[in-house]
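Q: I've just opened a protein structure for the first time. Can you help me learn to read it?

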Amino acid sequence: MTVRDILQIGHPVLRQVAEDVDVADIKSDEIRTLIGDLVDTMRAANGAGIAANQIAVPLRVTVMEVTDNPRYPYKPRLPLTVVINPTIEFLTPAQVDDSDGPETVMINEGCLSVPLRGDVERQVNIRVRYYDGEGVLHDEVKRGLTAGTWQHECDHLDGVLFVDRVKDPASLSTWDEFNRNGRDAFIERITAFVEQIGS
Ligand code: ZN
């Protein structure tokens, strides 16, 4: 497989709504190669996820993985997940038997296609339906920062970048400035959140 160039903000393909994969094609050579390239490209760039349109393929395919990630050391582990034709439904805390939990969380996000970080409010509880790389249909609940990663990647498939969802532009920073000025406070807050939610 191949490490591909990652499109940067301003490239029109990042703004296209990606098209569904024909389920009968999921095991085709074309889609298998695409999935392999996404995994290799994500890992080479230390991303937590990448969507196919970030490598100029406007199909609804994304992969996610968090191991010991130097870009996002506070993110809970997330095994390699191949996601095709996903849909997301927002859930209330009560729908996942945790009615005292928060409905949303402010996450300082980064993106392989944007050279900045910024604060985005994400839903804490979501239900996702998707096909995996073997063509198996999944219906699962995701929570916390993992749910945030899902929302970020699925946004890509709709041509949406995290900067579109940043309500306070003053939260935008370069990675260097984030590391100097915002990182410690964010990690302290988000680590407490991850311990509360468990993911
Ligand atoms: Zn991204």
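Here we go through a metal site and then a strand in this predicted model.

Q: Which atoms of the protein are the donors of the zinc ion?
A: Look for N, O and S atoms within 2.8 Å of the metal. Here you'll find SG of C111, NE2 of H152 and NE2 of H156, lying 2.1 to 2.3 Å from the zinc ion.

Q: How are those donor residues spaced in sequence?
A: Read them off as C-x40-H-x3-H. C111 sits in strand β4 (residues 104–111) and H156 in helix α2 (residues 144–157), so to speak two distant parts of the chain, 45 residues apart, that the pair links.

Q: Are C111 and H156 buried or exposed?
A: Buried means under 20% relative accessible area. C111 has 5%, so it counts as buried, and H156 is buried too, at 1%.

Q: Now for a strand. How many residues of β2 are buried?
A: Go along the strand and check each residue against that cut-off. In β2 (residues 61–66), 6 of the 6 residues are buried, so the strand is largely enclosed by the rest of the structure.

Q: Which residues point which way from β2?
A: V61, V63 and E65 point one way, while T62, M64 and V66 point the other way, and all are buried.

Q: Which strands does β2 pair with?
A: Look for bridges between strands. Strand β1 (residues 49–51) pairs with β2 in the antiparallel sense over 3 bridges, and I50 has V63 of β2 as its bridge partner. Strand β3 (residues 78–90) also pairs with β2 in the antiparallel sense, over 5 bridges; there, L78 of β3 stands opposite V66.

Conventions: Residues numbered from 1 in each chain as written. Predicted model: local features only at pLDDT ≥ 70, side-chain atom pairs only at ≥ 80, totals over all residues. Heavy atoms only, no water. Donors = N, O, S within 2.8 Å, 3.2 Å for Na, K, Ca; no water. Helix = DSSP H or I, 4+ residues; strand = E, 2+ residues; numbered from the N terminus. Buried < 20%, exposed > 50% of the residue type's maximum accessible area, 1.4 Å probe, protein only. Pairing = 2+ DSSP bridges.
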